[in-house]
Amino acid sequence: MKKAARARVISHAIFNQVHEQGIPESKIRLVSLRVDLSLFNPMSDIGLKVDKMGITKIGYLGRLIDGKGLEDLFEAILILKSQDLKFNCLIFGTGPLETALKKLAEKLNIADKIEWRGFVPYSKVPEALAQIDIFVYPSWHEGFGRSIMEALAMEKAAVATRVGGIPDLIKDGENGFLVEPHNPSALAQKIKELVENKELREKFGKTGREYVAKNYEWNDGIKKFAQLFLEIK
């Protein structure tokens, strides 16, 4: 990075990390990931969203790997199950932790609350997100959080951890909830609040899409990338 003319970063957290490595702010450019709002369109919810018998769908979409905090999510599900809430959890994705996570679900006696949906090609991600009511992303470290951005674009209320670049996307209490990592009880509390409050879910969803549209729209990102290359022409 010291030899580069510019260093492109995707979140304020990474900006600070790069600056702490001795790279001057004048060389660092924050150009975040972007979302195609025409592809991630809540109108695709029509006919897909499942709300039979008042069962709320919470969901995770991403790789099943170390550091994503899925163990904390499962502990939170155990807490929620003990409170007799009507919910299911959809897990979209595959990865090296899948077998261990399924064993953990059995050990915690929450397997009946989890639906394993497997790998989702990128073109089908909006369809997957359309099937849930609350998006949960309990990661222990995260550069940005593309899945969160896409869930917000789909007008999904989100609960995520206050790590890395996630606070760039979620403004606590405005378009979702932030909790500290490694805290299943706090995660369960915020999920419960959204399960029990449909109006708040819808409010967060509307605000979330508006925030993403204002700050992470695809064409605006292309312009910022173009400007970055023009600087070093």
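Author: Happy to walk through this one with you. Two strands count as paired if DSSP finds at least two bridges between them. The model is a predicted one, and in it the bridge partner of alanine 158 in S8 is glycine 176.

Reader: Nice place to start. What makes S7 and S8 a pair, and in which sense do they run?

Author: Strand S7 and strand S8 (residues 176–179) are joined by four bridges, in the parallel sense. At least two bridges are needed, so four meet the rule and S7 and S8 are called paired. Another of the links joins threonine 161 to its bridge partner in S8, valine 179.

Reader: Why is S8 called an edge strand?

Author: Six strands form an open sheet, ordered S5-S4-S3-S6-S7-S8, with parallel pairing. Strand S5 (114–118) and S8 are the edge strands, each pairing on one side only. From one strand to the next, the twist averages 20 degrees.

Reader: What packs on that sheet, and which strands does it touch?

Author: Helix H7 (residues 184–195) does, touching strand S3 (56–61), S6, S7 and S8. The direction of H7 makes about 170 degrees with that of S8.

Reader: How do you know whether S7 is mostly covered or exposed?

Author: A residue is buried when its relative accessible area is under 20%. Five of the five residues in S7 (residues 157–161) are buried, so the strand is called mostly covered. Both of its faces take part: Ala157, Val159 and Thr161 point one way, Ala158 and Ala160 the other, and all are buried. Across the 233 residues of the protein chain, buried ones make up 49%.

Reader: What makes the radius of gyration agree with that of a compact globule?

Author: For 233 residues, a compact globule would have a value near 17 Å; the protein chain has 18 Å, so the two agree.

Key:
Residues are numbered from 1 along each chain as its sequence is written. This is a predicted model: local features need pLDDT of at least 70, side-chain atom pairs count only at pLDDT 80 or more; totals for chains, interfaces and linings use all residues. Side-chain values use heavy atoms; hydrogens and water are left out. Buried means under 20% relative accessible area, exposed over 50%, partly exposed in between (1.4 Å probe, protein chains only). Helices (H or I, at least four residues) and strands (E, at least two) are DSSP runs, numbered from the N terminus. Axes are lines fitted to C-alpha atoms, for helices over the stretch in contact, and angles run from 0 to 180 degrees between N-to-C directions. Contact means heavy atoms within 4.5 Å. The radius of gyration is taken over C-alpha atoms; the globule rule is 2.2 Å times the number of residues to the power 0.38.
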